[in-house]
Amino acid sequence: MAKTNFKTMFSLNLGHFMADLYSSALAPLYPLIAGKLSISLALISFIISIAHMISSTLQPLFGFFADKTPHRSFMFWGLVFGGFFIPMAIFAKNPIFFGIFLMLAIVGNAMFHPQVTAMVAIFNKQNASLNKYLGIFLATGIVGYSFGPVFSSTLVENFGEISLWTIALFGIATALIMYFTVPKIPKESVNRKDENFFKIVLKMIKNPALVALLIISVTKSMVSVSFGTYMPFLLKDLGYSINQTGVALTVFFFCSGMASVTSNWIEKYVGAKNLIKISFFGMLPLTILLILTMKSYPIIALVIFGILGFFTFLSVSINLVLAQRIMPEYKAVASGVVGGLSWALAASSLSPLGLIAQEININTVFICTTTLAFLVGIFGINKELNQVFDDYQNKK
């Protein structure tokens, strides 16, 4: 990789690390926030769900505009938005303002991801190992996501809630670094076609292969978001501190990042389709083992939780590679659909899952989502997506 390209990729990875650190920073603090606002598990689940749905649904739209501009506005302001509104959320005085601040923070995340994910492909367009570099890019984000819980919980537990503003300072500094080190998008990579955004989305929805890929991504996101949202409440009930909860989530998401780093290597031996199947088949048995060990064998449970994180994110980079291959002229929009809209659709499940968690128990939520993943692993790959797998393997 050329020196300039290395500098660019380093900055893109650094920004992704910070953007995803924002995304998970509030997770271990949800029980604290629910207590401060005197709201139930079901209600805070509903608020989180609505905030994620509204903001993540915007990812394809941000991707549409990102595909049409050589400017890096979405990259820059996405980081600034996230950094500012994450600390605002913990200081909200009522559930409405908490929802608004959380939504605006996630809007920053939605602005950032489609453009920067497309940049990885654009600046490596001559490289045959795009999955490798997308895997590294995703891994830095997931590692950032893994450090978010332990970073925020350590700050709040040791220095108070006001210390969460440190996130804003780091975010602005990272945005400035990216502004001065990431070049403008080459003009030949900018989509100049005069097309309607909704027609493009409709075109994607009518593509059976992309729909199957979206279902796979939604299911994976549902598993991830259910553990990220409800595990802190379960660990609190089991007597864990805020910081211990942060450590547990960090282990889960750190192992997720390792999955993205190694997925390209594993794919060489098992193939893209089998990589997705392995990922989805592993979640349910690991969840059952986690439930059986969590109360009596916390260290063993922590190891299982980390392995579960590895399986959950094992196929993320290949999903993005395939989406961009299916829609090569709309890389950012495709990334927004598979990487962003999938989270919005997964977040829509938080309200019913919150009711299940409140009326039955949280473990039932985990069993439901991972059972769904198991079934998608069996039935989720249609013949059109099979053809995409075949073409992808033949052209490698």
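## A walk around Thr287 and its neighbours

Leaving aside residues up to four places away in sequence, Thr287 touches Phe227, Leu308, Phe366, Ile367 and Thr370, where contact means heavy atoms within 4.5 Å. This is a predicted model, in which local features need pLDDT of at least 70, side-chain atom pairs count only at pLDDT 80 or more, and totals for chains, interfaces and linings use all residues. Residues are numbered from 1 along each chain as its sequence is written, and side-chain values use heavy atoms, with hydrogens and water left out.

Thr287 lies in helix 12; helices here are DSSP runs (H or I, at least four residues), numbered from the N terminus. Let's look at the partner of this helix. The axes of helix 12 (residues 272-293) and helix 17 (residues 362-379) come within 8 Å and cross at roughly 155°. Axes are lines fitted to C-alpha atoms over the stretch in contact, and angles run from 0 to 180 degrees between N-to-C directions. The two helices are therefore roughly antiparallel to each other, a term for angles over 145 degrees. Residues of helix 12 that take part include Lys277, Phe280 and Thr287, and those of helix 17 include Asn363, Phe366 and Thr370. The contact residues divide into 12 nonpolar, five polar and one charged. Here Ala, Val, Leu, Ile, Met, Phe, Trp, Tyr, Cys and Pro count as nonpolar, Asp, Glu, Lys and Arg as charged, and the others, Gly among them, as polar.

Now for helix 13 (residues 298-312). Its 15 residues reach 20 Å from the first C-alpha to the last, close to the 21 Å expected at 1.5 Å a residue; the expected span is 1.5 Å times one less than the number of residues. Among its buried residues are Ala301, Ile304 and Leu308, and what covers the buried residues of helix 13 includes helix 10 (208-237), helix 11 (242-270) and helix 12.

| Residue | Relative accessible area | Class |
|---|---|---|
| Thr287 | 0% | buried |
| Leu138 | 8% | buried |
| Ser38 | 68% | exposed |

Leu138 is found in helix 7 (residues 130-159). Not counting residues up to four places away in sequence, Leu138 touches His16, Ser260, Val316, Ser317 and Leu320.

Ser38 sits in the loop between helix 2 (30-37) and helix 3 (41-57). Phi of Ser38 is near 55°, a positive value in a residue other than glycine. Most residues other than glycine have a negative phi.

Conventions:
Angles under 35 degrees count as roughly parallel, over 145 as roughly antiparallel, 65 to 115 as roughly perpendicular and the rest as oblique. Buried means under 20% relative accessible area, exposed over 50%, partly exposed in between (1.4 Å probe, protein chains only).
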